[in-house]
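Colleague: I am new to this structure. Could you take me through a pocket, a helix and the confidence of the model?

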Amino acid sequence: MAEASRVLQTALVSNFNSFHRTHFSQLNPVTFRRNPVHCSVSTSENTKTTVTQSIPWGCEMDSLENASALQKWLSQSGLPPQKMAIEKVNVGERGLVALKNIRKGEKLLFVPPTLVISAESEWSSAETGKVLKQNSVPDWPLLATYLISEASIMESSRWSNYISALPRQPYSLLYWTREELDRYLEASQIRERAIERITNVVGTYNDLRLRIFSEYPDLFPEEIFNLDTYKWSFGILFSRLVRLPSMGDKFALVPWADMMNHSCEVETFLDYDKSSQGVVFTTDRPYQPGEQVFISYGKKSNGELLLSYGFVPKEGTNPSDSVELSVSLSKSDKCYKQKLEALKKHGLQASQCYPIRVTGWPLELMAYAYLAVSPPSMSGQFEEMAAAASNKVNAKKDLRYPDIEEETLQFILDSCESSISKYNKFLQQSGSLDLDVTSPKQLNRRLFLKQLAVDLCTSERRILFRAQYILRRRLRDIRSGELKGLKLFTGLRNFFK
């Protein structure tokens, strides 16, 4: 599915209100002939999103039509002979497959810096890049605009062979409509993350359009630089952009390397190797000819993998999997305002989400739960609890309040069971969801999205079931211990009577 290297920016694209409104003398118009992209987009939350896409660059996700041209161009441009080739694969639709025996601990790829796309890359349209850099556009939207600019001039760009091999529509939640997100991901907190990401991408495009594109319509014609093309370019970045620690944490697109697929069993990443002066990765296992070679996209949950890359690993195969549990203060709590004030002081809200794993839950969740159930008599500890519930590293995390331990665990259990009921409802109804489509192509898309949602919800519910079991057992132990203590006390009292 998604052929990407490790995307390391887990935060969403931010809005760029800090752009400088700098005015320049009239620049010469672009001399390249661009290919227009016609689109019609509705972004209203209350209407069904319709997108008519006619992006002329890229290829189908499983296509190998441009693979040989890409490999030939890379070789002519300085990529050394490879032990891998692009082929159709069972995991990922296309990926890099071993041509020869590959040893464990062997370095592969060796992509030279001249074949890496970064914020410092030279623009085919120098005027376009100059305007963006003089307006201090951050790296992510700068790279998104760079991709569109280079793609629109096709063969005139040195990256034309690379762009032709990129997917025309990346697997990404950016391409899910609001209706599809509401229908298929209602039970999962990833829905909120997806909506936030889409909103940020739209906001970023609107900022660029209002602040820069409208000032230079000859450089940024709307038929080229529009919401459709930005969804495409940001979809490429979210699924392929990597951070290279040995190059000062530079964000970059690495052609050829980004054709590799993810495996939850692999722990090897891309980085720049100073001795060989190329982007490499070191294998952590041997590969035989014909086997697909994998890297890791990072220790991400199934939801995060779906969010950026558009796939969900098989249930139980991802050791980094987690589910976001939503917890909230009760507005009927006598100390609601005081507790909320303590939370806001540490950057938290009345409702928070914390990751639950098969192995347990974070101390921050426990601290939040302590605060949620604590009585007015413990108001002196509200500040300490709120600090521990935040992600501040200097706060004391391992709090213990034995007097409210049972209520705290019951609070987390109630939140888990409330979330489980939502997953149960969706999974029970998933077999009878009305897909409401007429064309075969659209039907296949809806069936595919539905299956992704079922796979995600099944894996997230599995984690919640495990947490439910642990919480019930701990509560049973607490209550049985209290019962034994009560029986002992009653027995001693009767004895002394």
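Modeller: We can start with the pocket. This is a predicted model, in which local features need pLDDT of at least 70 and side-chain atom pairs count only at pLDDT 80 or more, while totals for chains, interfaces and linings use all residues. Residues are numbered from 1 along each chain as its sequence is written, and side-chain values use heavy atoms, with hydrogens and water left out.

Colleague: Which residues lie nearest the centre of the second largest pocket?

Modeller: A pocket is an open set of points on a 1 Å grid over the protein atoms alone, where a 1.4 Å probe fits, with protein on both sides within 12 Å along at least five of seven lines; lining residues have an atom within 4 Å of a point. The lining here has 24 residues, and those nearest the centre are V91, H262, V312, P313 and K314.

Colleague: Which element gives the largest share of that lining?

Modeller: Elements are DSSP runs numbered from the N terminus: helices (H or I, at least four residues) and strands (E, at least two). Two or more lining residues come from each of β7 (261–262) and α13 (440–496). The largest share, four residues, belongs to α13.

Colleague: How many residues of helix α10 are buried?

Modeller: Buried means under 20% relative accessible area (1.4 Å probe, protein chains only). Helix α10 spans residues 363–373 and is mostly covered. Its buried residues include L365, Y368 and L371.

Colleague: What pLDDT does the chain average?

Modeller: pLDDT is the predictor's confidence in each residue, from 0 to 100. At least 70 is scored by 84% of the residues, and the chain average is 86.

Conventions. Buried < 20%, exposed > 50% of the residue type's maximum accessible area, 1.4 Å probe, protein only.
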